[in-house]
Number of protein chains: 2
Amino acid sequence: MKVIIVGGVAGGASCAARLRRLDEHAEIVMVERGPYVSFANCGLPYHVGGVIEHESDLLVANEQVFRGHFAVDCRTGCEAVGVDPVAKTVQLRDVASGAVTAESYDTLVLAPGAASVRPPIPGIDLPGVFSVRTVPDAREIREWIERGTSFLAGMDRYSGFQTVRPKRHAVVVGGGFIGLEMAENLVHRDFDVTVIELADQLLAPLDAEYGNLVKDFLEMHGVHVVVGDGVASFSQQDDESLVVSTRSGRELPADVVIVALGVRPETTLATMAGLEIGERGGIKVDDQMRTSDPSIFAVGDAVEVRDFVTGEQSLIALAGPANRQARIAADVIAGRDAHFRGTQGTSIIQLFGAAAAWTGASEKSLRRVGDDDYERVYLYPNSHAGYYPGAKPIAMKVLFRTSDGRLLGAQAIGEDGVDKRIGDLALAIQLGATVYDLEEAELCYAPPFGSAKDPVNFAGMVAAGVLRGDMPVSHWDSGGDAFLLDVREPVELAVEQVPGAVNIPLGQLRSRLDELPRDREIRVICRSGQRAYTATRCLQQNGFDASVLSGGMLSRVLWPTP
Amino acid sequence: MKVIIVGGVAGGASCAARLRRLDEHAEIVMVERGPYVSFANCGLPYHVGGVIEHESDLLVANEQVFRGHFAVDCRTGCEAVGVDPVAKTVQLRDVASGAVTAESYDTLVLAPGAASVRPPIPGIDLPGVFSVRTVPDAREIREWIERGTSFLAGMDRYSGFQTVRPKRHAVVVGGGFIGLEMAENLVHRDFDVTVIELADQLLAPLDAEYGNLVKDFLEMHGVHVVVGDGVASFSQQDDESLVVSTRSGRELPADVVIVALGVRPETTLATMAGLEIGERGGIKVDDQMRTSDPSIFAVGDAVEVRDFVTGEQSLIALAGPANRQARIAADVIAGRDAHFRGTQGTSIIQLFGAAAAWTGASEKSLRRVGDDDYERVYLYPNSHAGYYPGAKPIAMKVLFRTSDGRLLGAQAIGEDGVDKRIGDLALAIQLGATVYDLEEAELCYAPPFGSAKDPVNFAGMVAAGVLRGDMPVSHWDSGGDAFLLDVREPVELAVEQVPGAVNIPLGQLRSRLDELPRDREIRVICRSGQRAYTATRCLQQNGFDASVLSGGMLSRVLWPTP
């Protein structure tokens, strides 16, 4: 059996290694048009930022390892430029010489990845305008931004010696993963950074109010954020610096521009081979990663897969799913029965020492598929016991099915423990857990690591409280003309007050029930929702129509007052 | 309905708050013999160590909150000294005045906690010998260890000013949670610390080889550890310092002694009331937390519960399960249907910035219940992508059922990300997951937080490889006379070599198969097991009887060479 694998990064390299382990005697050829196989593309922004110092750190395995350890005929600088699915041959072009040869296969695996989206904006090819997709891309950016750096300025970072120089400007076009990671890393490199995003929010997979929170957070760290505006053109000044002109008329100076408008599946070969392309533009595969040609498999960023929470087809350009798909393709090629269970879109991004992460469905995606059998809650638990130093609040939004309590999705932002909780919730979604299961979870607790009621338990308790009718919830964007009852202590009102809300501290509530209306919906507010819950229970049992304003004052920032 | 709750710390306080939320009109009395309710006993060692600076930080809620927010008749300094289950009354003693009054109940909840085990060792009541169970205990220890501290010496910690003084000695008796937390905190307080443990290992719930790892780790941080030895007596010297004499004849000087020999359920009241006591000595309850008297419930450290992984009855003195039980008792008292699903013993302890954690069954507990339908693997994944700064290896042991792949238990030790992975695995056990589910888990991945193959995925892949027959495993303690094949590079042998092992680097293996025996079991060694896996696959498919030595050289330290 001869297998040719096109692409040698996450999907291709994993597939080659797995296939060799399953079949010692297969002939395996892996071709990669770039100079490196199995490099860490997720690390590129951090290499630009200097967090990952050496380019060599990004090279996880190399050609020699694939040849020596895995007996894989690994060829870098070798591009697949054509496929003949009838003759079962691939045309391979040697990038250096340009020579093209045909190589036959029994099975072909396409792992070509995705390409950066680079729309035909005037000036996009000017020097100083970069994408970030490959090791050479990162190298060029580093060289460009270090260009003007004098020896003394370069020393700053090491010696603490302060040189006086005007702050340089960077513009990042696109507020997705790579855009925001680049923004953070360019701040590390001492740039004044502006992010421009065409959509109304950053990080499109998040719901809008969490996109707002990310924006606030970036601005708190000195990044300028422009949403709802796109780039009209790039132009070069006499001093070689750039100007980014936006559709709305902004003119932003830039010493460097990063275009990070996302990626599109690389489907050139697949199209040549006449393979079916899916509704989202990725190569169509079944759950065994087989394309419409039974001898051709495809994995990684180039394929589209099913989101098993929403049922939507989706494009997921992430290394985790690529690796899983690659293992499954190898299993199937080796004659085993293996199936890809789909994706749930679990993602995380570091933001100045904090993190934003999510998994499963968002409200946005539920609305897109017409599913309204869900409720949401907002909570702000501490990352570990509040009395142990270093605890940080985690902003969490949890979505769950109203009819059966099934966990549907979660989003979280915070400076500590976000990865852990979204990971837990991702696993819970995978395993079909309900919010009632989360109430009962027995996670690691000692004061430095969690709380006796972990944020995951707490999320379950709040959500289950809603479903059991113990805690009806309302939201700041619920609308309507409800009576607002603020049960905080008077001293807390000094921080922020809600116009129109009536204050009765929780401790006085039972003796002042006669001040509340019996013919109006009452929404109860406190700092985070906990006292409001106790108050709501009291009001409900005394015959009032009450609900907890989910997340209390802490949620208020999610919907900026117009 | 009148409910009396005896005990106001984790279980009692949670039960009172929950019960009020469910029933606005119940009469709720909560009595606590100590001066504080709802205090953070998990934080006591850290308060002694000065990590949690102020005693007030340990007081989570107070009497006023219970009265004001929850309308609970909360009485501190009030001890329940008798129960008449027929008359349904409790005798309450005012600790200050000694006056005893009878109070009637409809429902009684016992949440008395557990008491420190203090065996009648000669000298155990000498000044300077302490237990750590209450806020006053912690205060006494602080006062004792700060006693001899001069102003200048006290300044050390803040000013960096170095005073010359002989190191003081602390002896910690007992190598469980509290013992090791106290050891760490006494090191923070600049003591020379010795831990004495009667059993052959530290942290009894861990398997012996992981107990060894904890011992190594503590010794690396300067703690002296003595296992397999107990205290014979404590005696006082002329200068008021202590000497701890051990059974084996050791004489250890001590300026302070902490006795941390575990706790036993507080069953005095339960026994008075004639309630059934379980096989492990805790109050017997059903899965609704009801004792043998239908009007009396019990929760927390005082009860015994079912370990739902092994089926054993167990005593779990942890705040998480206490809180869950308290909620369930409150639900049932309020007329709801709620059931405690049992415990899985998830635990974590911080050790000098690292952590040891576990969940589910250990090999020890499986052997205890006569279950041999399991296999184990050892692995050492990085806490996050190796190329991103700060990644630390996590030592993991994973137990799973051979017949169906069900995850049974896990233990882990490391300096980063241990809580996250054991939490994930705990949730997986709760939800009945198999190791195949772990292979497919879609957790949070970005270079600072994980790897494209997270440690959890990796654990699943290794375990599933064993079950699929792709990767037979052997262990350093497997015994027998196997041929040892070391596939590391020659340069790695310089670090440590295995006597009798034959070295053939992986890259040369396929061309040197004729050097290997076809009539003997071959165990393949590399650094961590990854190359050994590839080699084993190659050997198996070439007709050899090969297995991976699980965890490779990194596992070797688990069983110290005699």
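1. Let's start with one residue in this predicted model. B:Y378 has a relative accessibility of 2%, so it counts as buried, the cut-off for that being under 20%. Its place is strand β24 (residues 374–379) of chain B.

2. Now for the rings. A search through the whole structure turns up 10 aromatic pairs over all chains. You describe a pair like this by how far apart the ring centres are and by the angle of the planes. Take A:Y388 and B:Y46: their centres are 5.1 Å apart and their planes are at 90 degrees, an edge-to-face pair. This pair crosses between chains: A:Y388 is in the loop between β24 (374–379) and β25 (394–401) of chain A, while B:Y46 belongs to helix α2 (residues 44–48) of chain B. Are these two residues buried or exposed? Both A:Y388 and B:Y46 are buried.

3. With B:W559 it makes an edge-to-face pair, 5.5 Å centre to centre and with 85 degrees between the planes.

4. In chain B, the charged end of B:R147 sits over the ring of B:W144, 3.9 Å from the ring centre. Likewise, B:R518 has its charged end over the ring of B:F544, at 4.0 Å from the centre.

5. How do the two chains relate? Turn chain A by 180 degrees, with a shift of 0.0 Å along the axis, and it can be laid on chain B with an RMSD of 0.0 Å. That's the relation of a two-fold axis. The same surface serves both copies, as 100% of the contact residues of chain A recur in chain B.

6. Have a look at a helix pair between the chains. Helix α16 (residues 530–541) of chain A packs against helix α1 (residues 10–22) of chain B at an angle of about 40 degrees, and their axes are 8 Å apart. That angle makes α16(A) oblique to α1(B). Among the residues making the contact are A:Y533 and A:R537 on α16(A), and B:R18 and B:L22 on α1(B).

7. Last, some backbone angles to check. Most residues other than glycine have a negative phi. A:F352 isn't a glycine, yet its phi is positive, about 50 degrees. A:F352 sits in the loop between β22 (347–351) and β23 (354–360) of chain A, and its relative accessible area of 17% makes it buried. B:A71 also has a positive phi, near 50 degrees. This one is in the loop between α3 (63–68) and β3 (73–76) of chain B, and B:A71 is partly exposed at 33%.

Key:
Residues are numbered from 1 along each chain as its sequence is written. Chains are lettered from A and ligands numbered from 1 in the order in which they are written. This is a predicted model: local features need pLDDT of at least 70, side-chain atom pairs count only at pLDDT 80 or more; totals for chains, interfaces and linings use all residues. Side-chain values use heavy atoms; hydrogens and water are left out. Copies are superposed by least squares on the C-alpha atoms of residues with pLDDT of at least 70 in both. Contact means heavy atoms within 4.5 Å. Rings of Phe, Tyr and Trp (its six-membered ring) pair if their centres lie within 6.5 Å; planes under 30 degrees apart count as stacked, over 60 as edge-to-face and the rest as tilted. Helices (H or I, at least four residues) and strands (E, at least two) are DSSP runs, numbered from the N terminus. Buried means under 20% relative accessible area, exposed over 50%, partly exposed in between (1.4 Å probe, protein chains only). A charge sits over a ring if NZ of Lys or CZ of Arg is within 6 Å of the ring centre and within 35 degrees of the ring normal. Axes are lines fitted to C-alpha atoms, for helices over the stretch in contact, and angles run from 0 to 180 degrees between N-to-C directions. Angles under 35 degrees count as roughly parallel, over 145 as roughly antiparallel, 65 to 115 as roughly perpendicular and the rest as oblique.
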